[in-house]
Amino acid sequence: MKRVLRHITSGLLLTLAAAGASGADILSVRDTITDPHIVYPYSFEADTHLMMQNWYMQNYTELARNEFTNNTPVYPTDEELTQRLLTMPTAIEMPFNSIVKSYINMYVDRRRNLVENMLGMSTYYMPIFEAALEQEGVPLELKYLPIIESALNPNAVSPVGATGLWQFMLPTARGLGMEINSLVDERRDPVTSSRMAARYLKQLYDIYGDWSLAIAAYNCGPGNVNKALRRAGEGAKKDFWEIYPYLPAETRGYVPGFIAANYAMTYYDKHNISPALARRPILTDSVMVKKRVHFQQIADVLDIPVEELRTLNPQYRQDIIPGDIKAYPLVLPSHQALCYVISEDSIIAHDAYKYNRRAVVEPSTGASRESDDGKYIITEEIKYHKVKKGDTFSSLARRYGVTAASIKSANGIKTLRRGRTIKIVTTKKTLKPVEQEAEETVEATEVETPVSEEVITTEVTDAPEECDDSENAETETIEDFTADINSESDDNEADSDDSASDNPVDNKIKSTFNSRKASTPEPAAKPAAKAEKPAAEKPAAKAEKPAAKNSGEAAPVYHKVKKGETFSKIARRYGTTVKKLQQLNGTDGSKINVGQRIRVK
């Protein structure tokens, strides 16, 4: 009881004592109660400048002010305030007293700008609140509870962790079935949180049978209201004003604040408050998203500002809709909802590499890593060093060719401790070779080199002088010619180099027949005189190129992969490129295994 008395102000005690001395009914306390130590709700501290920077306020509203607008505060009498509260069409009782008056003055005088901004936001939020309250069958004036809870800010978070328009605490929200995790917080969702708030308020009313107690319990919890009821003593049915002294300090101002919010949002024009009116209506529609998508992907493809998506969908804390887990609603301007449905595949594919989640990741061995910056091949190698006595950052930096700062950064340390194993990352830059361009030049030169048909033809027609014994010389197979030449070649194998230099014509004939093994020899078509070309021109050299091409591809060359080798290293060793190695081995990846045989030529 002592703890309760510490919270009761001297003004309250005097009021209660006077009521008891005069024999007045305790119900009159609600009209005569005073409290000099009023605690205003956290929402009164809302920064109106930041509220005006809200995307919705900037794009959909404007203040209804002109040169004839009178912005001077008006101070009505207590009788006028009492009469206005009585004429409000509400199911919940709205009595007048000094505490209610204090809250009304706060709204219509000291926080006029806050009321202006909330009137502007209400054009979007009030229809959502009313729909939820109507569905649960509770009084519609409860739509003004978010005024004192959050000042209509869906991202508001109180010092004790209450979040969203309706300021749900985490246990209460989870008890009502709301989803709260790192990506989604349904306390911030205007539609879901309004539906849950209406349901919760109905449950509280079913417990107490009085809306003032239900509203108080919404603020401080049923446990605190039950304590206050017990301390107020047994007797007639009690309401908020009877248990007022026994409630927590903040809850004492909650019901008066609720009454004042209803008054300010209803009679703002009687106090020369200019509302932020809707410049144009914001019509929305919802689509169910069944794929993981980021707000930036939607914004880029549909040309919608990201700020608009955040305003309409504040429940997604990281701008990510995890539709791959389950279907989630996405609120869009009504004219864009169909565009999303039609373009969903394009939206998901847009910049997918930035937002895709990896299902399986193979961890790096940490031994080495290569990267390419266009000009250099950068190789990073990770080494490990066990700290010994006398080691310093400077000495290790000189030893491994790195900086002391890089050692500290790689290990997240500022001091060395003997016996500890630390990681040292060394970097090596290698100038990137231009092998591919060189190979393309060589190939182009080989293709463009002219080959004289006259020389080839002459060499073929000169050769049959040794084969004129038969009338059917023209029908002899190429194998017969090859056999004769091979037999002569075997007899003179020891001095083949000398014979080639002494008798260039015979050398030409041999090379010509070898180059034509796969084709039928053609009859002579050119005069034999043309075969007597000077030896200095060396036509045999020109004949060797078609011979190599017509004899079929050379046997493939393979390389066995050793530890530490990559496509890049193997390509440099064999004078080729990584791209050609990948083509030869039918792959477009960069992974190779130790012991694997890969084709290099």
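Mentor: Let us begin with Leu142, which is in contact (heavy atoms within 4.5 Å) with Ile92, Leu133, Trp166, Leu201, Trp211, Ile215 and Phe258, once neighbours within four places in sequence are set aside. Before we continue, please note that this is a predicted model, in which local features need pLDDT of at least 70 and side-chain atom pairs count only at pLDDT 80 or more, while totals for chains, interfaces and linings use all residues. Residues are numbered from 1 along each chain as its sequence is written, and side-chain values use heavy atoms, with hydrogens and water left out.

Leu142 belongs to the largest nonpolar core, which has 75 residues; together with Tyr107 and Phe168, Leu142 touches the most other members. Such a core is a set of buried Ala, Val, Leu, Ile, Met, Phe, Trp, Tyr and Cys residues joined through side-chain atoms within 4.5 Å. Buried means under 20% relative accessible area, exposed means over 50%, and partly exposed lies in between (1.4 Å probe, protein chains only). Two or more residues of this core come from each of α6 (78–86), α7 (98–110), α8 (112–136), α9 (145–150), α11 (190–208), α12 (211–220), α13 (222–231) and α15 (254–266). These labels denote DSSP runs numbered from the N terminus: helices are H or I with at least four residues, and strands are E with at least two. Helix α8 gives the largest share of the core, 12 residues. Apart from this core lies another, of 21 residues, including Val287, Ile298, Ile320 and Ile347.

Ala198 has its place in helix α11 and counts as buried because its relative accessibility is 0%. Leaving out residues up to four places away in sequence, Ala198 touches Ala132, Leu133, Glu136 and Val138. Lys143 and Glu130, in turn, join their side chains in a salt bridge of 2.6 Å, N to O; a salt bridge is a side-chain nitrogen of Lys or Arg within 4 Å of a carboxyl oxygen of Asp or Glu. This pair links distant parts of the chain, 13 residues apart, since Glu130 lies in helix α8 and Lys143 in the loop between α8 and α9. Lys143 is buried because its relative accessible area is 14%, whereas Glu130 is partly exposed at 29% relative accessibility.

We may now turn to the other core, of which Ile298 is a member. Ile298 is also one of the buried residues of helix α16 (residues 295–302), with Phe295, Gln297, Ala299 and Leu302. The buried residues of α16 pack against β4 (292–294), α17 (306–312), β5 (320–322), β6 (328–333), α18 (334–349) and α19 (352–355). After α16 comes Asp303, which has a positive phi, near 60°. Most residues other than glycine have a negative phi.

Strand β3 (residues 284–289) pairs with β6 in the antiparallel sense over six bridges; two strands pair if DSSP finds at least two bridges between them. Met288 has Pro329 in β6 as its bridge partner.

Towards the end of the region, Asp351 sits in the loop between α18 and α19. Its phi is positive, about 50°, although Asp351 is not a glycine. Asp351 counts as partly exposed because its relative accessible area is 23%, and it forms a salt bridge with Lys354, whose closest N and O atoms are 3.7 Å apart. In another salt bridge, between Asp319 and Arg310, the closest N and O atoms are 2.6 Å apart. Here Asp319 is buried at 12% relative accessibility, while Arg310 is partly exposed at 41%. The structure holds 11 salt bridges.

Finally, we reach the surface at Val341, which lies in helix α18 and counts as exposed because its relative accessibility is 52%.
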